[in-house]
Amino acid sequence: MSTLDILLIPDQRLKQVAAPITSVDTSVRKLLDDMLETMYAAPGIGLAAPQVGSLIRAVTIDLARENEPKAPLFLINPRIVWSSEERSTYQEGCLSIPDYYEDVERPARVRVEYQDRTGEEQELVAEGLLATCIQHEIDHLNGILFIDHISRLKRERVWKKFVKRAKFEAGE
Ligand code: NI
């Protein structure tokens with residue numbers, strides 16, 4: 001396994017719709033393993049393939065706390081087939097927008113269909129932080145960032161900050 005570079009905004013790859021995975025083969029599994037290692041190293045609780053520059057529909061999640069055994073979840077081609085009317089708010093962050101956090105309101109519970117690491121069809125009902133995390137990661141597969149759910153003023157402010165930072169790092 002190896003760690004991958006995580007793209008930061010304003011990288012335009014983060015705004016693109018990722019392609020479905022037609023076959024869960026060794027290259028997909030290798031990407032999932034590398035994503036997991038990258039996510040643990042960051043550290044983060046969720047990572048979507050576009051964040052490491054692969055525009056395909058793959059997600060890794062692990063909500064286990066530091067003192068708990070690792071509990072990785074691999075979602076391939078995940079789709080939300082039901083979401084609750086009830087909503088909940090969590091303070092979200094994103095490895096592609098480091099050190100920025102905002103409250104985001106989303107459906108409190110979701111039912112998700114996906115394929116697992118072996119390509120088997122699976123389904124899960126999620127609530128709490130897992131529900132939020134799954135929605136955040138599936139958004140990534142559709143080119144949507146959590147800042148797209150906050151006020152335009154706040155979004156433009158954080159976007160500009162990262163544009164400046166990217167220019168500075170490119171030596172412009
Ligand atoms: Ni994110």
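Reply: Start with two terms. Helices (H or I, at least four residues) and strands (E, at least two) are DSSP runs, numbered from the N terminus. Two strands pair if DSSP finds at least two bridges between them. This is a predicted model, where local features need pLDDT of at least 70, side-chain atom pairs count only at pLDDT 80 or more, and totals for chains, interfaces and linings use all residues. Residues are numbered from 1 along each chain as its sequence is written, and side-chain values use heavy atoms, leaving out hydrogens and water.

Me: In what order do the 5 strands of the open sheet stand?

Reply: The order is E1-E2-E3-E6-E7, with antiparallel pairing. At the edges are strand E1 (46-48) and strand E7 (121-127), since each pairs on one side only. Neighbouring strands are turned by 40° against each other on average, direction ignored. Axes here are lines fitted to C-alpha atoms, for helices over the stretch in contact, and angles run from 0 to 180 degrees between N-to-C directions.

Me: How do you know that E3 and E6 pair?

Reply: The rule asks for at least two bridges. Strand E3 (residues 73-83) and strand E6 (residues 109-115) have 5 bridges, in the antiparallel sense. Ser-83 stands opposite Val-110 in E6.

Me: Which strands does helix H1 touch?

Reply: Contact means heavy atoms within 4.5 Å. Helix H1 (residues 26-41) touches E1, strand E2 (58-61) and E3. The direction of H1 makes about 40° with that of E2. Helix H2 (residues 128-141) lies across E1, E2, E3, E6 and E7, and runs at about 125° to E7.

Me: Why is Thr-132 called buried?

Reply: Buried means under 20% relative accessible area, exposed over 50%, and partly exposed in between (1.4 Å probe, protein chains only). Thr-132 has 4%, so it counts as buried. Thr-132 lies in helix H2. Beyond its neighbours within four places in sequence, Thr-132 is in contact with Tyr-90, Glu-92 and Arg-106. In H2, 11 of the 14 residues are buried.

Me: Is Lys-160 buried or exposed?

Reply: Lys-160 has a relative accessible area of 59%, so it is exposed. Lys-160 sits in helix H3 (residues 152-169).

Me: What makes the donors of the nickel ion?

Reply: Donors are N, O and S atoms within 2.8 Å of the metal (3.2 Å for Na, K and Ca); water is not among the atoms, so sites may look incomplete. Cys-94 (SG), His-136 (NE2) and His-140 (NE2) coordinate the nickel ion at 2.1 to 2.3 Å. Their spacing in sequence is C-x41-H-x3-H. His-136 and His-140 lie in helix H2, 4 residues apart, about one turn of the helix. Both His-136 and His-140 are buried.
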